[in-house]
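Here are my notes on this one, as promised. Have a look at the model first, then read on.

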Amino acid sequence: MRTHNLWQDRIPDKEKYGNVVWSVAYRPDGQQVANSACITLTAWSFDVKSSALSTESFSAEKTRIVRSEPVWCLAWNPSPSKSESTEVLTVGCWDQTLAFYKLSGQELGPEHKLGYDPCSISFFPSGEYFTLGGFDGRVQLWTRDGILLGDIAQMDCPVWSLAVRPTEQQGFVIGTENGDVAAHHITFSTVHGLYKDRYAYRDNMTDVVLHHLASDEKVRIRCKNHVKKIAVYRNRLVVQLPQKVLVYEVPGDDPLDMRYQPVDKIRLSLDCSLLVATAQHFILCHEKRLQLYSINGVLEREWHLDSLIRYIKVIGGVPGKEGLLAGLKNGHVVKIFIDNAFPITLVKQSSPVRCLDVSCDRRKLAVVNESATLMVYDLETQQLLYQEAGANSVAWNQEFADMVAYSGNNLLCIKTGSFPSHPQKLHGFVVGFKGSKIFCLNFSSMETIEIPQGPSLYRQDVHRWCRLKVSSRYMSVRNFSAAYNVACLGVTDDDWRQLALHALKEMVFDVARRAFIRIRDIRYIDLLHRLLLQLTSRNGIAVPDTNMLFLPTYLEDLAKRQWSDEDRALVAAHALAYEGRFNEAAVLFGRAKQYGLATEMFTDLRRWDDAKKWAELQEKAVQNGEIEAPKAKEPGASENREDNANLATGDGKHGTTPQPAPSTTVGLMMKQAQSSEEDGDLRAAADTYLRVGQRERAAGIYMRIGALEPLIDIVRACDKNSERDEEIMLEAAACFIKHDNYMFAKEALTRAEDYESLVRLHVNEHRWEEAFQLARSHPELAEDIFLPWGNWLMSNDRYEEAYEASEKAGRSDLSSEMLRQLMDLSAEQKLFKQAAIYAWKKAKSAALRGDVDGSIQSKVQSDVYLAYSDVVSHIEGPLVLTPLEQTLHACVFITNMASQIGELPLGVKRSNVLFVLAETAMKLQCFKLARSAHDRLESVKLPRQLAVKAQYSALKSRSATLVDNDDLVQLCGRCGSTLPYLISFEGSLSAGVIEPEHCTECLHPLIRSAIGWEPLALLEFEAADESLDHNEVIGLVESEPRYSSGLRDRKEARGKELRDQQADRLVLDSDDGRDTASIYDVDSELLRTIVTSVRDLVPGEPYKPTRLPTEILRELRPEEILVIDQTRKGMGIKFYKNMMPELPISACCSCGRLFKLIHLEGAGFSGRSGCPCCSVGPGDMAVRGA
């Protein structure tokens, strides 16, 4: 029953109750008082009035609370909390409950069951904690929120009074019923955890504060219970409470995220001295024991170490496989992997470990012992690198492996590599080191300190540890238990292994297993397990559960059993086999009558001769009835059947495939081959397959490893009529091609008669002679050769041959494109003569295709490039060697052609041509031509340097007389008319027709020398008799004249010139009597025919060559006739007569160009050594003249 009364009227100073008042308590401000009378709680409010003579007090009841049992003790909280602004009254009732009330009488929170009757309450001055004494002599510490922190004292009788020391929180005094007064001191230990830059510590005994040391961000987690231990690892936080374990985690991988969220709650009451966490587990440490719990609270693994654990640290690792370092009281440092049951001792020293840390590269270990000495070890060599005195804590730099910090004696020291330590003043303990920041714990506060670096370097001595060797005395008398105990004192791994092997051979299984576990030899532990299974099955020993084989008592019973000699030989044989003593093991296998195991062992070792020997012994033993025949294994696949089916029949055609051996030998050899193949010894496997007739398998392996010699032997043994052998040969050829063995690939393809692949092989290997030879025997393959051949020729700068190859391949489009690219590239490189040659070849190719317009255009481009090569040297060349007359004629030719084709070829600049024309004309006194060139220059843009010269030259030309040099006059070869330099082609550009330079009177073409570009005195003619073909006309002009020779002789003998002292005289000879009427004057008839043809011209009609009758053709002198036969190139045939025989003219029948012999000789050509324009041989050159 509980009642609440609020007094509002004034009451006297003394109030009478029917029950005893057990306790009274003032509020800290003294304005209110609370008392308990039996089962009633009353809150009073006082109003005090004072005067000089008397003092009056007035009180009013504010709240009354009625409990079911007596209220024995109560106390006001002296300091309000931040969440509760009003005062809180703490009440202890003898119904064994503890309750909290506000001033209004409202109960604050639920009641707390105590299990004893409370007798006294006393608050700490801060109001955060209070002590509670009970009738059973118990004294407990509580928080202001009603959270029990634990028992802090136990007396023999009821505790009736408690008083906390007002000046310090840690002291309090107890008064008991029997008159004892006891003073106690409370120490609040620091509970914290650190991982890199995340630090967590306990606050107010029930809260966890997480501090990010890098960002200085703090987060508070209210656990509302006594926080006993804290562990931090990466983004995980584990908090141990009295009855449960809380797990928090930060979602995501943000290193600065501090938003911890609860992920699990494990209801376990655990007792430990240290707590650490990993990614998926947490580990409890209690004295010598480590327990690994999963996040779900399942105990997964437990380690028992040799001594008390003083320090433990998680060094990280793969989630679920992290490693721990534990410092023991005996001075050892042990490394433990949480997925491994076997601890690893890293360092052994005599002094207990106080603190330790490992470098970030896991190569160095720093240990601080109880003697305040820092010792740094190399984990790989177990050497002591250096030691420092006066240290109580140590931390390696998380980002620099050679930097370590340690603190002690109010100093912080930083040591880098072999540099001397750098000290500075510091109060506290170093707990972390990252980059240039050190984290130090000073009481309960964490400080971040920036550190300096040391400047000096020195070296320290290196110490080594010695190991204790175990004596073999106990093993010689078979006292393996004593030998094991001696080994536990400290021996090397080799000694442990020797002990384990001797115990195994003597069948002392318990000692053998424990020794193998000590050295973490999983291989021998697995062997022991298999041996135990085999022995129990062999001797009919019932084993309900295989896990019983590892029970120590069961192993001891097996060790005491009397085993047969065969069993002992079997175990010893296995042990010797694992030691590598195979011959001795085989002998013991024979004693145990396990011949199959010996055969299997030598088969695994690829000692096939020994395997055959023991297989034969097994067969003899079966025949003699010593052992039972082994059960045949059912084939799991069709592989064995295929192997038997693929065995060669050994027909002996090629003498390379041996006869198959007997089945036992073949089976072993097949196993030998398969084992070699599995072990990676492919060459041995292929050789073995070949010996048993597995040609296809052997060839496949030879191809994989690139063994070409044996592969070609298989190819030579193949039968081309067999489809399988043909497939082998083709695959082998592909392998030979892959390994660049041309001869073997050629042989394989030839034997397989795959001529298409053989052609591709020749082409890819650039064996063109072999390819053409094969094409001669197989003409249908010729088309697959010429195109690759052309590409190869072009890649090797043999463009002419590449062009011919493309033509032979029937790809005129490729050949034309190739010539165009070569022409453009040559023009870009300013190799204009070479560009002219390619343009001429392009013209010839177009003519052969019947493209007349394309042929004419390309021929004009060729002539323009050839002429421009003489022009450009006057501007860009370092030395001008071309005569001015030649340059003038070249410029005139290009200018005339430009008026027809509109756009000049690539690389030819109209501005350069006109500039050189103007300059050359001025120098040769052709002022009229120069002025015309300057007029045309006004429409083009010149570089600044040339523009200045052109302007100066233009002024000079305008001041000169408007005439040209008569010595450079151009005459028509037919009518003899004087031709202008710059010819106007009216309508040709718009009509798209390219006309040659011609005479404006008779339309006769102006034929220029291809070197000097001077017009030639040539007459183009044709036979008047259309019935004559070209060959007949050539026969007429090349025949010896009948009359013209006599007329010429007569003309040469008509007179002679005499010279004496008086005068020069010409004496005319008389007629010699010959009949002059019979002499045919061909020159007169030719002149008459030319005049007639010019007179009969009709304006507007196209040009036609002069038609000569047969009589004149027959009488023409052959040395004056030029025949340009280009019918094979699709350009027809032309006939020319040299009208000035005293100036010999040379003609190229390939490109159709004509030259003055004097120009050829000036250019370094003899006239009979080849064409300088198209690079043909002298066979296509013809010289005509006197």
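1. Asp 207 is buried, with a relative accessible area of 4% (buried means under 20%, exposed over 50%, partly exposed in between, using a 1.4 Å probe and protein chains only). Asp 207 sits in strand β18, residues 207–212 (strands are DSSP runs of E, at least two residues, numbered from the N terminus).

2. Which side chains does the Asp 207 side chain reach with polar contacts? Arg 220, at 3.1 Å, and Arg 222, at 3.1 Å. A polar contact is a pair of N or O atoms within 3.5 Å; within protein, one must be able to donate a hydrogen and the other to accept it, and residues adjacent in sequence count only if both atoms are side-chain atoms. Leaving aside neighbours within four places in sequence, the contacts of Asp 207 include Tyr 201, Ile 221 and Val 227 (heavy atoms within 4.5 Å).

3. A caveat: this is a predicted model, where local features need pLDDT of at least 70 and side-chain atom pairs count only at pLDDT 80 or more, while totals for chains, interfaces and linings use all residues. Residues are numbered from 1 along each chain as its sequence is written, and side-chain values use heavy atoms, leaving out hydrogens and water.

4. Elsewhere, four strands make an open antiparallel sheet, ordered β9-β10-β11-β12 (strands pair if DSSP finds at least two bridges between them). β9 (118–123) and β12 (148–154) are at the edges with a single partner strand each, so one side of each has no neighbour in the sheet.

5. β11 (residues 138–143) and β12 run antiparallel, joined by five bridges; Leu 141 has Gly 150 in β12 as its bridge partner.
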